[in-house]
Amino acid sequence: MGVIPPEKIDDVRAASDIVDVISGYMTLQSKGRNYFGLCPFHQEKTPSFSVNPEMQIFHCFGCGVGGNVFTFIMKMEGITFPDAVKMLAQTAGILLPEDSEDFSEYRDKEALFYANKMANDFFYKTLLENSEAVEAQKYLENRGISKDYIKEFNIGWAPNSWDGLIKLANKQSVPLSILAKAGLVIEKEQGGFYDRFRGRITFAIQNLTGQIVGFGARRITEDDSPKYINTPETDIYQKRFILYGLHQGRDEIRRNDRVIIVEGYTDVTSLHKYGIPNTVATSGTALTEHQAKILRRYTPNAIILYDSDSAGAKAAIRGADILLENGMEVKICTLPKGMDPDEFARTEGTEAVKETLEKSTPLIDFKLNNLREQGLLGTASQQADAMRDILTSVVKINDHIQRSFLIRDLAEKFHVEESVLWTEIKSLDRKNKVKLSQKSEQKKQTQNTFFDTKRGAAELGLLQTAFLNPEIIPLILTNISKLEFKNTEIHSVFVQIANDLNSNLSFVPQKYLGTIQDPAILSSLSHILSKNVERGQTWQYAKDCIISIKISICDEEINRVRKEMQQSSDKIAELVLEYKNLQEAKKFILSGQTIQEDLHLSETQESDTSA
């Protein structure tokens, strides 16, 4: 999608009541003027997630995340701002401008989405119409994948040609460099490109809004080539965030309050066909923490349905531990040996699949059975190792009552005192806390943003003051040029506020909040507005912020002149004079004489200012 006009964004924001939107994802309870619920972005037992219907914002006082209705959708669905606007527009029945046919209007990620859509249309059409695709058609037909499912899952056929897609791109004036960035073509060492996917059935990989981000491609001939090849990671396709089939199945996951996790593309399509539409796949990779967090937004219950071989069991256990760590209840479903979910569904049918899923084993029991089958419970030493292995999963369960029941059962099965197991659990808990602390510290060290600088803090502080005290906005705009804001979003908000004031429009905080995308800005504003902060930050604070911004600008210019003085001797006299002038300007700013004071401040505000 191209650039969405600001007035359309405002229409979508006005039509999307934040309480209604968030209530579609979680339970909210009214308390006074706000609504509260358990935060979906971190584990908590006491509700600290607040939704303010008047300001149309949310804020969690536990983890600090906050923002507007667009921010919430972006975080819940793992999508970009334009995609969040598009998603809410569809729900509200608001039509957005159609995508432009002119490729030059697409930028960056939009160009990659366009390239993938073009490729998918080509593969889909080739599958249905090209005589070379007969074998592919037979393959899909034998697996019960009808035209309806071919369309729903965007399945296609990449012709067995080195330049089929390249020729199409040339016809449509799409640069081959864009196809390369999208992972659709590969650059030759001697120059030029060739198609990545050739002679294979293609499965389009979609994000949550349905946009195609990549492809998985399966060979249908028996040769030495890999069974599957996939799009490499690109700017729009990071495997750790994507779950195949989630776009098609998320509503069913919510409805069933359960997700079935498989490994392959055909596993998903088969299970959807045979009445299990709440199925997703990890696209051939191990389950990641990011994927677990995404699934937790839709349901706390998961069944892992992997192949029954030893590799499948190991993958299931690894994935289950990650799900447990992210607050999910996990079971493992074992299929008959030699069968994958696709084959089992096709040969046994819907009822057999459903019955097998109902017999799924809780993770702890599955681990125990798996160790027993491998003969790893024979000696005392083996049993001790097995117990430690199982406890690494138990310690990831946040529900302490559930932990207690599991510890009691394990103590009975292994004939061990419960106190011994609790000692081991406490030791593991301590280790986990140390790891989490180290991770948190590393994260803090790597998150040194613009708002950690003096200038950034001052710009953010000035914006906060404007929202808390809109009556002093004219005074703020009198003393600082909109061009003096370095942060583009804060600059844009003040430009919009200034334009509205010039048009005699009133200050509407919801309107400006709806245009902000930066999570740091939104979190800070949602925090102060959700707490109903009194007017403690008034003109004196705003004045300090303005002076700090102007001093920072001066310092940046002084540093620039210093560098030029070190690098150039030709203009040294000119640079020395500029340096002196900047130092004088800095002193003048520090004196406060550049600030125009409002002589008509009320006595109340004067006292606040002096305080």
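Reader: Why is Lys586 called partly exposed?
Author: Buried means under 20% relative accessible area, exposed means over 50%, and partly exposed is what lies in between (1.4 Å probe, protein chains only). Lys586 has a relative accessible area of 22%, so it is partly exposed. The model is a predicted one, in which local features need pLDDT of at least 70, side-chain atom pairs count only at pLDDT 80 or more, and totals for chains, interfaces and linings use all residues. Residues are numbered from 1 along each chain as its sequence is written, and side-chain values use heavy atoms, with hydrogens and water left out.

Reader: What makes Asp555 and Lys586 a salt bridge?
Author: The term requires a side-chain nitrogen of Lys or Arg within 4 Å of a carboxyl oxygen of Asp or Glu. For Asp555 and Lys586 the N to O distance is 2.8 Å, so the pair meets the definition. Asp555 belongs to helix H25 (residues 539-567) and Lys586 to helix H26 (residues 572-590), so the bridge ties together parts 31 residues apart in sequence. Helices here are DSSP runs (H or I, at least four residues), numbered from the N terminus.

Reader: Which label does Asp555 get, buried or partly exposed?
Author: Its relative accessible area is 25%, so Asp555 is partly exposed.

Reader: Why is Glu77 called buried?
Author: Glu77 has a relative accessible area of 1%, so it is buried. Arg254, at 26% relative accessibility, is partly exposed.

Reader: What makes Glu77, Arg250, Asp251 and Arg254 one network?
Author: Salt bridges that share partners join these four residues.

Reader: What separates Glu289 from Lys293 in helix H12?
Author: They are 4 residues apart in helix H12 (residues 289-296), which means a separation of about one helical turn. Glu289 is partly exposed at 40% relative accessible area, and Lys293 is partly exposed at 41%.

Reader: How many salt bridges are there by this rule?
Author: The count is 28.

Reader: How many of the residues count as buried?
Author: Of the 611 residues of the protein, 46% are buried.

Terms used: Helices (H or I, at least four residues) and strands (E, at least two) are DSSP runs, numbered from the N terminus.
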